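The notes below are meant to be read beside the coordinates.

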Amino acid sequence: MTDRPPLPPFTRESAAQKVQAAEDAWNTRDPHKVSLAYSPDSVWRNRGTFVTGRAEIAEFLTRKWEREREYALRKDLWAFDGNRIAVRFQYECRDTDGQWWRSYGNELWEFDEHGLMTRREASINDVRIEEKERRIHGPRPESERGDTFPVR
């Protein structure tokens with residue numbers, strides 16, 4: 001099995017690198033690429049949906065990004081300990097009817113010794129916004145890496 005650095009146990013710096021790598025990958029909206037960060041038997045809870053394994057993760061993400069158009073995400077490190085990381089995030093997208101949404105969430109991550117995520121639990125709330133209220137436009141610019149994203 002190939003290692004996916006940074007590896008646990010995490011330091012503040014390596015946990016922040018892991019969070020930024022996840023943000024970068026999700027902003028590609030490439031389900032296969034994103035699924036490779038997870039162990040083959042990874043277990044997810046995403047809102048009320050339960051997913052197990054890379055194939056189901058890729059299928060879930062394919063459906064997600066078919067519905068959530070122009071998806072753009074920001075993740076912030078909240079806490080870390082050993083092989084676990086807690087993240088808060090926001091993303092914006094528009095639905096197939098053209099309505100814009102901002103989604104706020106928290107994730108709990110657990111990693112194996114190879115740096116692959118074995119568990120992801122996400123709680124997410126959606127807020128309807130107008131296009132003029134958007135704050136997230138594509139991937140995070142290099143100049144903003146490491147900055148905490150404001151709650152509102």
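This is a predicted model: local features need pLDDT of at least 70, side-chain atom pairs count only at pLDDT 80 or more; totals for chains, interfaces and linings use all residues.

Residues are numbered from 1 along each chain as its sequence is written, and side-chain values use heavy atoms, with hydrogens and water left out.

**Salt bridges**

Side chains of opposite charge can pair when their charged atoms come close. Here a salt bridge is a side-chain nitrogen of Lys or Arg within 4 Å of a carboxyl oxygen of Asp or Glu. The structure holds 14 salt bridges.

| Pair | N to O distance |
|---|---|
| Arg 47 and Asp 126 | 2.6 Å |
| Asp 76 and Arg 88 | 4.0 Å |
| Arg 145 and Glu 142 | 3.4 Å |

Arg 47 and Asp 126 form a salt bridge. This pair links distant parts of the chain, 79 residues apart: Arg 47 is in the loop between strand E1 (38–46) and strand E2 (49–52), and Asp 126 is in strand E6. Strands (E) are DSSP runs of at least two residues, numbered from the N terminus. Accessibility has three classes: buried is under 20% relative accessible area, exposed is over 50%, and partly exposed is in between (1.4 Å probe, protein chains only). Arg 47 is partly exposed at 30%. Asp 126 is partly exposed too, at 39%.

Arg 145 and Glu 142 also pair through their side chains. Arg 145 is partly exposed at 30%, whereas Glu 142 is exposed at 64%. Elsewhere, salt bridges that share partners join Glu 23, Asp 76, Arg 88 and Arg 140 into one network.

**Asp 76**

Is Asp 76 buried or exposed? Asp 76 is buried, with a relative accessible area of 8%. Its place is strand E3 (residues 69–81). Its salt-bridge partner is Arg 88. Arg 88 lies in strand E4 (residues 84–94), so the pair ties together parts 12 residues apart in sequence. Arg 88 is partly exposed at 21%.

A polar atom of the Asp 76 side chain lies 2.9 Å from the backbone nitrogen of Phe 149. Contacts (heavy atoms within 4.5 Å) of Asp 76, not counting residues up to four places away in sequence, include Val 19, Arg 140 and Asp 147.

**Gly 138**

Gly 138 sits in the segment after strand E6 (117–129). Its relative accessibility is 24%, so Gly 138 counts as partly exposed. Gly 138 touches Ala 72 and Arg 74, not counting residues up to four places away in sequence.

Technical notes:
Helices (H or I, at least four residues) and strands (E, at least two) are DSSP runs, numbered from the N terminus. A polar contact is a pair of N or O atoms within 3.5 Å; within protein, one must be able to donate a hydrogen and the other to accept it, and residues adjacent in sequence count only if both atoms are side-chain atoms.
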